[in-house]
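Q: I have a model open and want to talk it through. Can you take my questions as they come?
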Amino acid sequence: MTQKVRTVLEEADVVVGYGTYIKLVQDIVCKDAEIISGTMGKEVERAKIAVMRANENNKVVMVSSGDPGVYGMAGIVLEVAAQEKTTVPIEILPGITAASAASAILGAPLISDFAVISLSDLLTPLEKIEKRIELASQADVSIVLYNPQSQGRIEPLTKAYEIMMKHIKPDTLVGIVRQAGREGQTAKITILQNLLNEEIDMVTTIVIGNSATKLVNGKMVTARGYDLTT
Ligand SMILES: C[S@@+](CC[C@H](N)C(=O)[O-])C[C@H]1O[C@@H](n2cnc3c(N)ncnc32)[C@H](O)[C@@H]1O
């Protein structure tokens, strides 16, 4: 998080968020603040509560992980606030998204063009996800996969793998980062062909390099094309 996020958390009257994320920030939040912690799948309910408490003249912080504008809560809060016709000012404070955090741990795989695709088919139909994977694979851009796989949702990653293997060379470097920046962080660099043999879950971000991605002293680096001899 940025210093600005830390400051608003310290000054908040009410902090709303998914329980796992609330736990990560509770040491920063003022002891007198009201904490409203919710469960996965209740995002609309949380956004409505946050807007209601803001309308009651409280300084409310809605906590999201990484960057709230990347598969986070920013959009839903703005939509609910518009629906409720609230005049309370809303500020979106950016954070470090998993793609940036994972990229930094792996080296510099996203130094050139890249695509970010979520494999969650809860809100996006699988056919649409497959089309996005297909087009990104053909474009020779690095690809970042969010929400890659959960215990009950394996098909999207298998499908994505099959599509990528049609267009991307099997020995292309792939970085797999779990729990980036958190306790238990792990990172591994492998090749596309071996992707499905790795431990992948919902706290994993996968970075598939492009045709210019190589290993540099154990780090995953996408060459931008600079001439290093000059
Ligand atoms: C609903 S998205 C939220 C993304 C978040 N708003 C962000 O900007 O990073 C959840 C997915 O983000 C990725 N993610 C979030 N935090 C992560 C972390 N600490 N390490 C690795 N991946 C993470 C995983 O792919 C996870 O399934």
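Q: What is the strand order in the open sheet of 3 strands?
A: The order is 4-11-10, and the pairing is mixed. Strands here are DSSP runs of E with at least two residues, helices are runs of H or I with at least four, and both are numbered from the N terminus. Two strands pair if DSSP finds at least two bridges between them.

Q: Which strands stand at the edges?
A: Strand 4 (107–108) and strand 10 (213–216) do. Each has a single partner strand, so one side of each is left without a neighbour in the sheet.

Q: Before I go on, what kind of model is this?
A: This is a predicted model: local features need pLDDT of at least 70, side-chain atom pairs count only at pLDDT 80 or more, and totals for chains, interfaces and linings use all residues. Residues are numbered from 1 along each chain as its sequence is written.

Q: Fine. Back to the sheet: how many bridges join strand 10 to strand 11?
A: There are 4 bridges, and strand 10 and strand 11 (residues 219–222) run antiparallel. Thr213 stands opposite Thr222 in that pairing. The two strands form a hairpin with 2 residues between them, and Asn217 in the turn has a positive phi of about 50°.

Q: And strand 4 with strand 11, parallel or antiparallel?
A: Parallel, with 2 bridges joining them. Ala108 is opposite Val221 of strand 11.

Q: What about strand 3, what do its faces look like?
A: Both faces of strand 3 (residues 60–63) are covered. Val60 and Met62 are buried on one side, and Val61 and Val63 are buried on the other. Strand 3 runs parallel to strand 1 (residues 14–18), with 4 bridges joining the two. Gly17 has Val63 as its bridge partner.

Q: Switching to the ligand. Which residues are closest?
A: Gly66, Gly72, Thr97, Ala98 and Ala180, out of 23 residues that surround the ligand. A residue counts as near if its C-beta atom, placed from the backbone, lies within 6 Å.

Q: How does that shell divide by residue type?
A: The shell has 10 nonpolar, 10 polar and 3 charged residues. Nonpolar covers Ala, Val, Leu, Ile, Met, Phe, Trp, Tyr, Cys and Pro; charged covers Asp, Glu, Lys and Arg; the others, Gly among them, are polar.

Q: Where does the ligand lie relative to the domains?
A: Domain 1 (3–83) and domain 2 (98–222) both give residues to the shell, so the ligand lies between them. The bounds come from an automatic or database domain assignment. The domain centres, taken over C-alpha atoms, are 29 Å apart.

Q: Which elements supply at least two residues of the shell each?
A: Helix 5 (98–106), strand 7 (173–178) and strand 9 (204–208).

Q: How many residues are in the largest nonpolar core?
A: 32 residues, with Ala102, Leu145 and Val207 having the most contacts inside it. Such a core is a set of buried Ala, Val, Leu, Ile, Met, Phe, Trp, Tyr and Cys residues joined through C-beta atoms within 7 Å. Helix 5 gives this core its largest share, 5 residues. Apart from it lies another core of 17 residues, including Val16, Ala50, Ala54 and Met73.

Q: Last one: how many helices and strands in the chain?
A: The chain has 7 helices and 11 strands. Buried residues make up 33% of its 230 residues.

Definitions and conventions:
A residue is buried if 20 or more other C-beta atoms lie within 10 Å of its own, exposed if 12 or fewer, and partly exposed in between; C-beta atoms are placed from the backbone.
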